[in-house]
Amino acid sequence: MKRTRSIILTGLLAGSGLAVAPGALAQSLPYQVGSDDGAAASDAEGAAPRSGHSARGAGSGVRTTIRPYLEVTQNLLAQITPGNDVVTYTTLAAGVDATLAGRRTQGQISVRYERRFVEKGRVGDSDTISGMARVSHQLVPRTLSIEAGGLAARTRVEANGSATLNPLSVNDAVSQVYSVYAGPALTTHSGDVAINANYLAGYTKLTQKNAYQPAAGQPRVDLFNHSVVQSAQVSAGTKAGTVLPVGLTASAGWDREDISNLDQRIDDKRVGLQATLPVSRTVQLVGDVGWEHIRVSSRDALRDANGNAVVGSDGRYVTDTSKPRQIAYDSNGLTWDVGVMWRPSRRTSLSAFVGRRYDSTTYFGSFSYAPNTRSSLNISVYDGISGFGSSLSNALKQVPTDFATGGASGCGIGATGGSCVNGALSSVSSSVFRQRGVSATYGFAMGRLRLGVGAGYVRRRFIAAPGTVLAQANGTVDQSWYVTGGVSGQLGRDASFSVAVYDAWYDSGTALLGNTNSYGIYASYYRRLADRLTATASVGLDGVSRDLAADQLEATGLIGLRYTL
């Protein structure tokens, strides 16, 4: 939900022409190091774009570029364990990478459609859409704006509800995730009072060809289907020293997520008053007190004559709309938090808060350190109640409009911040949860070499109404960890490379569902053959270890050509 106290992890290489997101190269087979054909490094050094359409913003020193492309690759996927199946397929793809940098419009769009034609193997042809987009447009300069974002990604869903972003597999366990949001924001003032308001609406969908059917004696995991998220905020306040020695801001907010599975709903209303007290040029104390009412509710599944929950053709529980909604969680009362904010320079900032929310103690904060234009360290701690859709929307909203990587990688990093959706995608259970986590990234650039390292931890405690089919999940805690790393760079003027590794662990919290460990390593080489034509060769390993099913390990290789229009 919007009120989740978090600053999603960032991995900015400030000031460089190419920002490499720590973790951005993880869980995907990267195509390029920089732009579509290695031109990014040259462009960053001041050279004119070699392909695509470009328009320089008047007096802005930035470019608006649109680079559509066509691509063909020949792929080999060989199963090492538990069997020895070999799949070969041809991929035809079309996509566009666009940077919008006008006076009123800023944004980044990276979208790709591909069709896979299988020549050998026990799987069928398939279609895939992947990409990421973030756009902001000033309807009235410095007063009224509208922003929008979107994500499309492939996932491999395991029996216990864990998921791996953009797996190499082409089997029926591979699903698609789509998430979009949009809304206006108002910033104005009345005398010394600053007024801010915003509204956002979002939609998230998980598609799956064949629903998972558990073995006898194993519990069923109800996989997320789709949800609608809404968020509205309004605030009015004054700075310290204008009216009073302390700054005061009154605020009100409303957040809601409607989940299709069993008609689950999160409804959160809050009003509050925040005070800020500067104690030095670089330090200020912050206190917030408010009233909040948050309620989680759902309906039960339809029951057959024997009292068993009915499962639909999509493998999910059928909702009994004839019965009243049941309360899973209801908190109504005072909330507060206190903390400190420290900003000794533009390159260093720290915020740390402790308070009372959700009937318990809450902690959140962030740290950012970028000592120079070549390196950056970012750490965040967050806490909130959400569903899968709002958790993913929160991460997507943090992606800046100038992100340099995204789409298949799951990360978008730019000069104004960054976000990775990998953590939000680690579990696709439909149940509502309280989510606490910490994430850290480090990025480094030296000459033509880019390095990124990232790590994160997420803990979810699921919330479900007693007496319903989801009651067995109530109070269950699952946990996710991930560590990722990637290095990329130029090999002369016309060649580049990238290497990426990742390892992610998922603990379901119950022996009946078991744990999983997903891991992989990928390496790619790119060679410019002509001004608009680039050749690619890639190899990789993608594996998953499971407690309750056979381990899986696959090797892949591809060669391909991309033509930039």
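**Note on the predicted model**

1. Start at a turn. Glycine 191 takes a positive phi near 65 degrees in the hairpin of β8 and β9, which has two residues between the strands. Strands here are DSSP runs (E, at least two residues) and helices are too (H or I, at least four), numbered from the N terminus. This is a predicted model: local features need pLDDT of at least 70, side-chain atom pairs count only at pLDDT 80 or more, and totals for chains, interfaces and linings use all residues. Residues are numbered from 1 along each chain as its sequence is written, and side-chain values use heavy atoms, with hydrogens and water left out.

2. The strands around that turn. Strand β8 (residues 174–190) and strand β9 (residues 193–207) run antiparallel and are joined by 13 bridges. Two strands pair if DSSP finds at least two bridges between them. Alanine 185 has asparagine 198 in β9 as its bridge partner. On to the next strand: β9 also runs antiparallel to strand β10 (residues 226–238), with twelve bridges. There, asparagine 196 stands opposite serine 235 in β10.

3. The chain overall. It holds two helices and 26 strands. Of its 565 residues, 50% are buried. Buried means under 20% relative accessible area, exposed over 50%, and partly exposed in between (1.4 Å probe, protein chains only). Among contacts (heavy atoms within 4.5 Å) between residues at least 6 apart in sequence, 62% join residues at least 24 apart. The accessible surface comes to about 23500 Å², and 59% of that belongs to carbon and sulfur atoms. Areas come from the Shrake-Rupley method with a 1.4 Å probe; for residues, only the protein chains shown count as cover.

4. Aromatic pairs. The whole structure has five of them. The rings of phenylalanine 353 and phenylalanine 364 are stacked, because their centres are 5.0 Å apart and their planes are at 10 degrees. Rings of Phe, Tyr and Trp (its six-membered ring) pair if their centres lie within 6.5 Å; planes under 30 degrees apart count as stacked, over 60 as edge-to-face and the rest as tilted. Phenylalanine 353 lies in strand β15 (residues 348–357) and phenylalanine 364 in strand β16 (residues 360–372), so the pair ties together parts eleven residues apart in sequence. Both phenylalanine 353 and phenylalanine 364 are buried.

5. A tilted pair. Tyrosine 457 and tryptophan 481 are 5.5 Å centre to centre, with 40 degrees between the planes. Tyrosine 457 sits in strand β21 (residues 449–463) and tryptophan 481 in strand β22 (residues 477–490), so this pair links parts 24 residues apart in sequence. Tyrosine 457 is partly exposed at 22% relative accessibility. Tryptophan 481 is partly exposed at 32%.

6. Charges over rings. The charged end of arginine 562 sits over the ring of tyrosine 69, 3.7 Å from its centre. Arginine 115 lies over the face of phenylalanine 117, at 5.6 Å from the ring centre. The rule: NZ of Lys or CZ of Arg within 6 Å of the ring centre and within 35 degrees of the ring normal.

7. A loop residue. Serine 429 lies in the loop between β19 (417–420) and β20 (432–446). At 12% relative accessibility, serine 429 counts as buried. Leaving out residues up to four places away in sequence, serine 429 touches Gly161, Val221, Asp222, Phe224, Phe388 and Phe462.

8. A strand residue. Leucine 277 is in strand β12 (residues 264–278) and is partly exposed, at 38%. The C-alpha atoms of leucine 277 and alanine 240 are separated by 6.8 Å, although these residues are 37 apart along the chain.
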